[in-house]
Amino acid sequence: MAMSIEEVEAAMIAKATKAPKPQLYIKDFYKCDPDRKPREIKNIANKLVSKGTLMFWSSGSTTMYALPSRIKDEEGDEGIN
Amino acid sequence: MAKHDTPMLDELEKGPWPSFVTDLKRQAETHPDCWDILGQLELSYRDKITHWKHGGIVGVFGYGGGIVGRYSDVPKQFPGVEHFHTVRIAQPSGMYYSSKNLRGLMDLWDKYGSGMTNMHGSTGDMILLGTRTENLEPLFWDLTHDLKQDLGGSGSNLRTPSCCLGESRCEWACYDAQDLCHHLTMHYQDEIHRPAFPYKFKFKFSACANDCVAAIARSDFAVIGTWKDDIQMDQAAVKEYIAGNYPSNAGAHKDGDWGAFDIKKEVIDLCPTECMWMEGDELKIDNSECNRCMHCINVMPRALRPGKEKGATICIGAKAPILDGAQFATMIIPFIKISKESEYEEVIDVIEKIWDWWMEVGKNRERVGETMQRIGLPTFLSVMEVEPIPQHVKEPRSNPYVFWKEEEIPGGWERDVVEFRKKHAA
């Protein structure tokens, strides 16, 4: 049975919590629900950003996703890397 | 009064050419932080290493693009550039600015940033160089509410679409590039402002093959205006060119010492497909061989015009990176109707077919042209549901092996792979 949006969100948060690096590419989330198209996963990830659960992190050339708490641990409140 | 000694940078002010060092010194008179740009750059020249750091938590709320974070790694020495973020502003279609709009943007940047700009970045955005994190939200508010402009794309987003000035001024335009550019910019707002792809993706729209926005060289998805029927020809005007009564190239080269116009040398012999010839005093074109390069039309604009059945060619996969080598786009769809009435549904279908495939199989930080190269054109064409045609082939094959799929052979074939592998290990 297909996963609900809430289940996919939970899987994505778990992924962002457990991943070795705090910053993830959108592709890293695809396996959270292999039955969904990549664009649907992208839309769910962006919803999580608008809720403040995830945040965008820019490497300068690539924008990635991260849990705000893990980024703060890594970079401090200033966000300077 | 200079804040730092910059003997090496000062060398760059010598000579007759314009100098960014002089510009920065002038700017520093009203924006003292600019002295620290010069100071840090001098230090970089001395240390032979950059002192900029990229990235971090930088942006405006809800947007994952448009701001590129940049910090100094020597902030105590150069506090004016401790934060020095880049802001990308979406350019209007065809880059039509009013002077009022430009003054408004410059006032905004004087208020919140260093005042330094880069007009324009290679994607076409107006680049504002150097502001602090705490200035980003107020700047974004004023930009969107007072100037009614938006941030452009950055990171793994759809980059700000750009187009030539198209039908607004150019008689060669084969479709309304500005309208298509604007329509797709609005249609794909989410993809522009939030990361969506394995890597950056650029749209560029040129309304004819003169390709004024260099779409074929610099965009992942190039829509280049073309026509399907025959070049329109006025034989009387051809004769006027030959007689020297009309200037070639609309007079663009009239000040050079090129001698009398020679239709054979300047048009016929330069046709890349050799599809033109003279019969008596009449110019003939084998339109079935013409590849719509537009050279002849550019040279004799009063005699030749694009055909009447207009549309566009779609080329996919160009990139112009510094490190890995530039790549031109590959022609995938020779002709597509560009229809405003259908809200460009045909073009959108092609775009989304590419995205669905690339988002699935593209590696992180791999442009679609690189994915095409890695996977191979035959697979890409089948994904796009495009029948291969001779024009997809760059040169006659040098590889003697031809790989057929079972469904391509009448009657197919039966093959026991297990049995085959007993004798031929994988």
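Among contacts in chain B between residues at least 6 apart in sequence, 62% join residues at least 24 apart, a contact being counted where the C-beta atoms of two residues, placed from the backbone, lie within 7 Å. For chain A, 47% of the contacts between residues at least 6 apart in sequence join residues at least 24 apart. The model is predicted, and local features were required to have pLDDT of at least 70 and side-chain atom pairs pLDDT 80 or more, whereas totals for chains, interfaces and linings use all residues. Residues are numbered from 1 along each chain as its sequence is written, and chains are lettered from A, with ligands numbered from 1, in the order in which they are written.

Chain B comprises 15 helices and 15 strands, where helices (H or I, at least four residues) and strands (E, at least two) are DSSP runs numbered from the N terminus. Its C-alpha atoms fill a box of roughly 75 × 75 × 45 Å along the principal axes. Of the 426 residues in chain B, 38% are buried; a residue is termed buried if 20 or more other C-beta atoms lie within 10 Å of its own, exposed if 12 or fewer, and partly exposed in between, with C-beta atoms placed from the backbone. Chain A has 3 helices and 2 strands, arranged along the sequence in the pattern α-α-β-β-α. Buried residues account for 37% of the 81 residues in chain A.

Helix α1 of chain A (residues 5-18) contains 14 residues, which at 1.5 Å a residue should span 20 Å, and the distance of 20 Å between its end C-alpha atoms agrees with this value. The expected span is defined as 1.5 Å times one less than the number of residues. The buried residues of α1(A) are A:Val8, A:Glu9, A:Met12 and A:Ala16. Viewed down the axis of α1(A), these buried residues fall within an arc of 100 degrees and so line one face of the helix, the arc being that of the directions from the helix axis to the C-beta atoms. In general, an α-helix has 3.6 residues a turn, so residues three or four places apart point the same way. The cover over the buried residues of α1(A) includes α2 (38-51) and β2 (63-66) of chain A. On the face of α1(A) turned away from its buried side are the exposed residues A:Glu6, A:Glu7, A:Ala14, A:Thr17 and A:Lys18.

The contact between the two chains takes 28 residues from chain B and 23 residues from chain A. On the side of chain B that touches chain A, the elements giving two or more residues are β1 (52-54) and α12 of chain B. The largest contribution to this side comes from α12(B), with 4 residues. The residues on the side of chain B that touches chain A divide into 10 nonpolar, 12 polar and 6 charged; Ala, Val, Leu, Ile, Met, Phe, Trp, Tyr, Cys and Pro count as nonpolar, Asp, Glu, Lys and Arg as charged, and the others, Gly among them, as polar.

Within chain B, helix α12 (residues 345-361) also packs against helix α13 (residues 368-375), with axes that come within 11 Å and cross at roughly 70 degrees. Axes are lines fitted to C-alpha atoms, for helices over the stretch in contact, and angles run from 0 to 180 degrees between N-to-C directions. The helices α12(B) and α13(B) are therefore roughly perpendicular to each other, a term that covers angles of 65 to 115 degrees. B:Ile354, B:Trp358 and B:Val361 of α12(B) form the contact with B:Val368, B:Thr371 and B:Ile375 of α13(B). These residues comprise 5 nonpolar, 1 polar and no charged.

For helices α2 (residues 20-28) and α3 (residues 34-47) of chain B, the axes come within 7 Å and cross at roughly 145 degrees. Here B:Val21, B:Leu24, B:Gln27 and B:Ala28 of α2(B) meet B:Cys34, B:Trp35, B:Ile37 and B:Leu38 of α3(B). The contact of α2(B) with α3(B) has 7 nonpolar, 1 polar and no charged residues.

Several local backbone features occur in loops of chain B. A cis peptide bond, with omega of about -15 degrees, joins B:Met119 and B:His120, and B:His120 lies in the loop between β5 (113-119) and β6 (126-131) of chain B. B:Met294 has a positive phi of about 80 degrees although it is not a glycine. B:Met294 is buried, with 20 other C-beta atoms within 10 Å.

Note on methods
Parallel < 35°, antiparallel > 145°, perpendicular 65-115°, else oblique.
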